[in-house]
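Dear colleague,

Please find below the structure that I am handing over to you.

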Amino acid sequence: MSAEENPAAAPASVVDVQGDGRWMSQHNRFVQECKDAEPDVLLVGDSMVQLMQQNEVWRELFSPLHALNFGIGGDTTCNVLWRLQNGELENIRPRVVVLWVGTNNHEHTADQVAGGILAIAQLLLSRLPKSKIIVLGLLPRGEFPNPLREKNAAVNNLLRASLPRLGPVQFIDVGGSFVHSDGTISSRDMFDFLHLTAGAYRTISTALHELLLQLLEEMPQERRASLV
Amino acid sequence: MSEDSNPAATPTPCQDIQGDGRWMSLHNRFVSDSKGKEPDVVFVGDSLVQLLHEFEVWRKLFSPLHALNFGVGGDATQHVLWRLMNGELDHISPKVVVLWVGTNNHGHTPEQICGGIMAIINVVHQKLPHTHTLVLGLLPRGKSPNPLRERNASVNALVQAEVVSLSHVSFLDMDPGFIHSDGSIVHQDMYDYLNLTPQAYQRVCQPLHERIKSLLDKHDP
């Protein structure tokens, strides 16, 4: 599905309706960080990514890997696509990029959302030909079974099938433990039935961290001279 | 300003547009907390309240005070008003209600937002005549100077003036000096130029904790 056909694959910045320009401020900060830092790992996405950095788990597991966090709350695939095309991949050569986005794409169908995520993965592979990509599955949400859980699961199924065909892209679903046998999600895992508590971040980060270590080990670090 | 003419003071539940009913789930949980628990302090408001619960500072400073957290991200005054009028204050008798809301009242004037905050204060007082309401000042927001900072500062001035004569209400300015000399707010304090980092929460919560403790002491001398 091309960008012309898929609205979820059309890059779009966030319009400042509130009046304090926060989205653009965050984007500009990330562009500046690309000039200053040399990350080995880049995490990009929505609030699921952004809030990770406000938890202990970031300092313990991801900072030591020289990771940068380019998450912005509320972002859709369109917003992430725009950011990556407008400076957030300049001057950096992360060996692994972790992509976690899609749960905020309320205007789009599961097919469209999956297409948007694929488009971002394709962009990453074309801009960073030596890098590996990890795509995190969308988590279930809401206290009880609801259409968004079905939609997110459908997106995950589509990604599971189509991502590996693109190249060095891995899909991992870290949402397996959150829905209890009675169909509920506990506020101990998602304090607002969407965002993760510190405990839940710890749970999902273990799997992600292990995969990152594995991938980083497989890839010999490039000598800086070869980046020129 | 009457309720009819002020949208910020008209109790309004959040419509479930996204499709997973999360706002109502949170409200229902708070109502059930009210039936089962006996808090001395109840925090009510938006994401600045809600996220406070997720960091170490809550466990260290506020859990020991027997506090409950009824914060919902995105809530404006009219949403908090609806929640408090529809069960969240029933069956409990906290000594202090801490109210922190107003920054999400987009499209409302400072006067309307102040009216919304006053409507909430009145509902708390009607339902809980022996409870003290501590209103927290709105924080500045945005990386650089912008109209919302001015709006929030105006709200604070209006609210402070309104509550000065009320013995069951007090106001606390929560800004420890987030705005630097060049007018900027840094992401080390507000990671998205609105919500607080754990270290910023530590800074603002020390004086808040002191104030709540002194209110609790006054309540039971």
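In which loop of chain B is the place of H66(B)? The residue belongs to the loop between α3 and β2 (67–71) of chain B. Please bear in mind that this is a predicted model. The backbone of H66(B) deserves a look, as the residue has a positive phi of about 60 degrees although it is not a glycine. Y193(B) is a further residue other than glycine with a positive phi, its value being near 60 degrees. Its position is the loop between β5 (169–172) and α7 of chain B.

Annotated domains

The UniProt record, an unreviewed entry, places the feature "domain: SGNH hydrolase-type esterase" at residues 44–202 of chain A. In the model, this span of chain A is 37% helix and 13% strand, and the C-alpha atoms at its ends lie 18 Å apart. For chain B, UniProt lists residues 43–203 under "domain: SGNH hydrolase-type esterase", again in an unreviewed entry. Residues 43–203 of chain B are 40% helix and 14% strand, with end C-alpha atoms 18 Å apart.

A helix pair in chain B

Helix α4 (residues 77–88) of chain B packs with helix α5 (residues 110–127) of chain B at an angle of about 10 degrees, and their axes are 9 Å apart. Because angles under 35 degrees count as roughly parallel, α4(B) is roughly parallel to α5(B). On the α4(B) side, the contact is made by T77(B), V80(B), L81(B), L84(B) and M85(B). The residues they meet in α5(B) include I113(B), G116(B), I117(B), I120(B) and V123(B), as well as K127(B). By class, the contact of these two helices has 10 nonpolar, 2 polar and 1 charged residues.

The second largest pocket

The second largest pocket holds about 780 Å³ of space. Its lining has 32 residues, and those nearest the pocket centre are Q53(A), Q54(A), N55(A), E56(A) and P198(B). From chain A, the elements that give two or more residues to this lining are α1 (22–36), α3 (56–62), β2 (67–71) and α7 (198–218). How many residues of the lining are nonpolar, polar and charged? The lining divides into 11 nonpolar, 13 polar and 8 charged residues.

With kind regards

Terms used: Residues are numbered from 1 along each chain as its sequence is written. Chains are lettered from A and ligands numbered from 1 in the order in which they are written. This is a predicted model: local features need pLDDT of at least 70, side-chain atom pairs count only at pLDDT 80 or more; totals for chains, interfaces and linings use all residues. Side-chain values use heavy atoms; hydrogens and water are left out. UniProt positions are given in the numbering used here, feature names are shortened, and annotations may be inferred rather than shown by experiment. Helices (H or I, at least four residues) and strands (E, at least two) are DSSP runs, numbered from the N terminus. Axes are lines fitted to C-alpha atoms, for helices over the stretch in contact, and angles run from 0 to 180 degrees between N-to-C directions. Angles under 35 degrees count as roughly parallel, over 145 as roughly antiparallel, 65 to 115 as roughly perpendicular and the rest as oblique. Contact means heavy atoms within 4.5 Å. Ala, Val, Leu, Ile, Met, Phe, Trp, Tyr, Cys and Pro count as nonpolar, Asp, Glu, Lys and Arg as charged, and the others, Gly among them, as polar. On a 1 Å grid over the protein atoms alone, a cavity is a set of points where a 1.4 Å probe fits but cannot get out, and a pocket is an open set with protein on both sides within 12 Å along at least five of seven lines; lining residues have an atom within 4 Å of a point. Grid points are joined across faces, edges and corners, and a volume is the space filled by probe spheres set on the points.
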